Amino acid sequence: MADTRQWRLASRPVGEPSRENFDLVTIDRPEPGPGEVLVRTLYQSVDPYMRGRMRDAESYAEPWDVGDPMKAGVVGEVVESNYDGLEAGDVVTGELLWAEHAVAHGDELRQVNPDHGPISTALGVLGMPGVTAYFGLLDVAEPKPGDTVVVSAAAGAVGSVVGQLARLSGARVVGTAGSDEKIEWLTDDLGFDAAINYEATDDLSGAMAEACPDGIDVYFDNVGGPITDAVWPLLNVRSRVAVCGQISIYNATEVPTGPRKLAKLIESRARVEGFLVRDYEGRWGEALQRLSTFVREDELHYRENVVEGFENAPDAFMGLFEGENIGKQLVEVAERGD
């Protein structure tokens, strides 16, 4: 029987994850049962929310047990199929194991349409991050022409799509990111009206006020922490805050207690709403159709930071917390047809 490799959770991180928390094992390649499909991984996603699944605590995503294989968004090639509608050679995407090969029921997989873009985009702009941006901005934050929209982690897979969709909605868009290279990409390539390098300023509140002279109507929050603190005093009356992520505290051993800021919501009558992309499960087709149209018409741009080699998947994941990626962080595991 052929072998394959998979990554398992070796131990729960305390603070930032390290290589010691991951265990690479070799196992017999699984065989699909009735209604199942064997998939060979081509691309594996790494995403900040996975950090929560490494904790032994309740969250919106079920935690992994120590010793168990981890899960990720995957684009892969069907090797063997016992499911009507999928056959060997088809390219599919779904939540599978951190593994070179994995088995899933055919109902859990979606075929990837290569006409929409490179197959890797099914994990980025035309996958979960893009759909998160689409519904989080358009359904939750509801931007209007002339609004000022601020996006944190704007050079990431979600934030970069949010900013461009806000611009297409007629809004003025301000992003935050952590390097001059990212700032240049946001303003020169993606059309952001302004961008703030939070690593290069000693006065984040002043920089935010300068970038948003008319206040803030929409805030798409991916990070929390000091950036959110800088946004809060500038919220306009009837502004909307969409809370997507809080990466600034994902590695915290204790959740910090910040300034008491809810009084601002009384003054501004702002709406703050958290959301999960899975709440929109039945509407993914709508989002993907519009996003793919924007990509084909060159109105929506994207970047992918591709880490080569399955053995480097933990490094790709840990790199998210170091701000290494511009756009979507991916691991290339194999080439199609190998």
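Guide: One may begin with the contacts along the chain. This is a predicted model. Of the contacts in the protein with a separation of 6 or more, 68% are between residues 24 or more positions apart.

Visitor: Which secondary structure elements does the protein have, and how many?

Guide: The protein has 9 helices and 15 strands.

Visitor: What radius of gyration would a compact globule of 338 residues have, and what does the protein have?

Guide: A compact globule with 338 residues would have a radius near 20 Å, and the value for the protein, 20 Å, agrees with this. The C-alpha trace spans about 65 × 45 × 35 Å along its principal axes.

Visitor: What percentage of the residues is buried?

Guide: Residues count as buried at under 20% relative accessible area. In the protein, 51% of the 338 residues are buried. The accessible surface comes to about 15300 Å², and carbon and sulfur atoms hold 45% of that surface.

Visitor: Which residues of helix 5 are buried, and what covers them?

Guide: Helix 5 runs over residues 204-211, and its buried residues are L204, A207, M208 and A211. Viewed down the axis of helix 5, these residues fall within an arc of 100 degrees, so they line one face of the helix. Their cover includes strand 8 (148-151), strand 9 (172-177), strand 10 (194-197), strand 11 (216-221) and helix 6 (225-231).

Visitor: How far apart are the mean positions of the positive and negative charges?

Guide: The protein has 29 positive and 58 negative charges, and their mean positions are 6 Å apart.

Terms used:
Residues are numbered from 1 along each chain as its sequence is written. This is a predicted model: local features need pLDDT of at least 70, side-chain atom pairs count only at pLDDT 80 or more; totals for chains, interfaces and linings use all residues. Side-chain values use heavy atoms; hydrogens and water are left out. Helices (H or I, at least four residues) and strands (E, at least two) are DSSP runs, numbered from the N terminus. The radius of gyration is taken over C-alpha atoms; the globule rule is 2.2 Å times the number of residues to the power 0.38. Buried means under 20% relative accessible area, exposed over 50%, partly exposed in between (1.4 Å probe, protein chains only). Contact means heavy atoms within 4.5 Å. Accessible areas come from the Shrake-Rupley method with a 1.4 Å probe; for residues, only the protein chains shown count as cover. Lys and Arg count as positive and Asp and Glu as negative; His and the chain ends are not counted. The place of a charge is taken as NZ of Lys, CZ of Arg, CG of Asp or CD of Glu. The arc is that of the directions from the helix axis to the C-beta atoms.
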